[in-house]
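Let's walk through this structure together, one piece at a time. Have the viewer open and follow along.

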Amino acid sequence: MSTTPTEQKLDVAPPYNAVARHGVSPEPSHDEIARFDFLANFNKFLSGALGPGNKLAYDRRVLPAFLKEHGREPQDRFEIRRAMNKDPFHKFWSALKRNSMEMRQQNGRSMVLRQIDELNARARQFNEGRDTLELNPEIDVPRYQSAVDIHCMPGSYHGEELPGDVSAGANYDCGIFATTAGGLGALSDGGGQALVEWIKKERPGWEPRRVLDIGTTVGHNIVPLALAFPNTEFIAIDTAAPILRYAHARAQSLGATNITFIQANAEDLSRWDDGTFDWVQTTMFLHETSGKALPRIIAEGYRVLADGGLMFHLEQPEYSDAMPLYEQFIRDWDAFNNNEPFWSSMHALDMKTVMVEAGFDRAELFESGVRAVVDTDIFPEAATGDDEDHGRAAYWHAYGAWKNSDQMQHAAE
Amino acid sequence: MAEENFDWMAAANKKAKGKRPEYFDDPEDERMLSILMAVVGEVSVLRERMDTVERLLEAKGSINRADIESYTPDKQAAYERGAMIREYIYRVMRGPHQMVQELEQSEPPVEEVSRELKEI
């Protein structure tokens, strides 16, 4: 049954006004809100209305031309990318999308930086004299964090405009709304909310003693867990001090006082003994590491995980042989166009093998799909399928394992 | 305190480290599109501000700038404003949107049609 235009419910992004404020949120002006409103809807347009043009261009022109020239199908996603990068539609779409990313950074930074004194002062109120924030200046910024500014975020996670400032965190936090068109909810914590929902279903009544969150950035995904498990001790680590200052202040203002934020590199967790944690996790972090760092992080995570404990990593889906090469190519867009240089190699990794090499038994591993949990009255559920905004869809692939769960079960029997 | 010489407007424009991909044959086109897209965004901002003023005037008769800054749309107004932005985006993005339709249809050149009509 068709509906008249006035009866139709259009798919529009929620307004930036609906984003919840916390103790270190920048105060947006009317026009700053309107800038993010534009970008949120523009990103929806880019993925929804224009996005399908990429596949059409591939099927109708790029692939036939490739077959004619080479006499064979493309061998990998890189060959597809090189061919697509010459296609007028894909070039234009990519240029628009790159501009949208750059505008998001400029818009976020201008909002944050004009009020940076006020934000720094508010962060200091939450941070000064607290033993739940531990900054260690001897921690170096690893090459995989400094080679380029990840997601075209000027200064990356570790940049400071003024000594000791929180602008990196504030800018990162405020603009997630625009790039995901509100898909991560009021506090951009739909991932953390999903973790809470997942674990309550998976292990009703389970209460971990101690949880380690690796690559926590602004703590989006750990605060909901900390609030759900108030008696649990949470350790959240990151190599970047500016993002941790912001994360700590944000968590404190939201009442998550059971998280200690520590500047540390997960490749070396030697300050923690074997079996310290009941849960070790990353959320959308491993693709921001490197070929050698990733297995070291997983191995260290395995070591500090107690028997019966949970290792859990949320990422975008891996490029298995079953995934069509075109899909691998389009999912790779961020790697080369949005400064995610390890993204492509990471998603081609067989994470299960990495976890087995770290010490897990293959039988202990599991995979799962996790969709962002948001207030669907206001915020949209993550689109997957044709409308999916690859790289940003709030629908993740989880790689998990319960350490020595078989042995534990046998011992109990 | 921010130092006297901290120019936040300049700082907001900082370039991200990492070589920018080139999408067009002429590098000037990269710059032109970036300016054009910024203006496209700012026109949307002006429209939203105008909508705020209209709604406030309708409700209150007279307003000041603080009213504009603190305006929060209710659910219906938020939807209407989202629809307004969507309509605006479809209008300005007609060109690239029609590229998708062109790909769907793969039409013959009009010259060809012209030759055909001459004969029928």
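Is N339(A) buried or exposed? N339(A) counts as buried, at 6% relative accessibility; here buried means under 20% relative accessible area, exposed over 50%, and partly exposed in between, with a 1.4 Å probe and protein chains only. N339(A) sits in the loop between helix 13 (333-337) and helix 14 (343-348) of chain A, where helices (H or I, at least four residues) and strands (E, at least two) are DSSP runs numbered from the N terminus. Its backbone is worth a look too: N339(A) has a positive phi of about 50° although it is not a glycine.

Before going on, a word on what you are looking at. This is a predicted model, in which local features need pLDDT of at least 70 and side-chain atom pairs count only at pLDDT 80 or more, while totals for chains, interfaces and linings use all residues. Residues are numbered from 1 along each chain as its sequence is written, chains are lettered from A and ligands numbered from 1 in the order in which they are written, and side-chain values use heavy atoms, with hydrogens and water left out.

Another backbone angle of this kind belongs to H151(A), which is not a glycine and yet has a positive phi of about 35°. H151(A) is found in the loop between helix 6 (143-146) and helix 7 (167-180) of chain A, and it is buried, with a relative accessible area of 16%.

For C152(A), the nearest cysteine sulfur is that of C174(A), 16 Å away. C152(A) is buried at a relative accessible area of 3%, and C174(A) is buried at 5%.

Now to the charged side chains. Side chains of opposite charge can pair when their charged atoms come close. A search of the whole structure finds 33 salt bridges over all chains, each a side-chain nitrogen of Lys or Arg within 4 Å of a carboxyl oxygen of Asp or Glu. One of them joins R114(A) and E32(A), at 2.7 Å from N to O. R114(A) lies in the loop between helix 4 (88-113) and helix 5 of chain A, and E32(A) in helix 1 (residues 30-50) of chain A, so the pair ties together parts that are 82 residues apart in sequence. R114(A) is partly exposed at 34% relative accessibility, whereas E32(A) is buried, with a relative accessible area of 8%.

A further salt bridge in chain A pairs R303(A) with D274(A), their closest N and O atoms being 2.7 Å apart. This pair links distant parts of the chain, with R303(A) in helix 11 (residues 293-304) and D274(A) in the loop between strand 4 (259-263) and strand 5 (277-283), 29 residues apart. R303(A) is partly exposed, with a relative accessible area of 23%, while D274(A) counts as exposed at 56% relative accessibility.

In chain B, R20(B) forms a salt bridge with E30(B), the closest N and O atoms being 3.1 Å apart. R20(B) lies in the loop between helix 1 and helix 2 of chain B and E30(B) in helix 2, so the pair ties together parts that are 10 residues apart in sequence. Both partners are buried: R20(B) at 18% relative accessibility and E30(B) with a relative accessible area of 3%.

Finally, turn to where the chains meet. Here 54 residues of chain B are in contact with 57 residues of chain A, contact meaning heavy atoms within 4.5 Å. The area buried between the two chains is about 5,000 Å², of which carbon and sulfur atoms give 65%; buried area is the accessible area (1.4 Å probe) that two parts lose on being put together, summed over both. Y23(B), Y79(B) and L103(B) supply 15% of the area that chain B buries against chain A, more than any other three residues. Five salt bridges cross this interface. K14(B) forms a salt bridge with E161(A), with the closest N and O atoms 3.0 Å apart.

Conventions: Disulfide = S-S within 2.5 Å.
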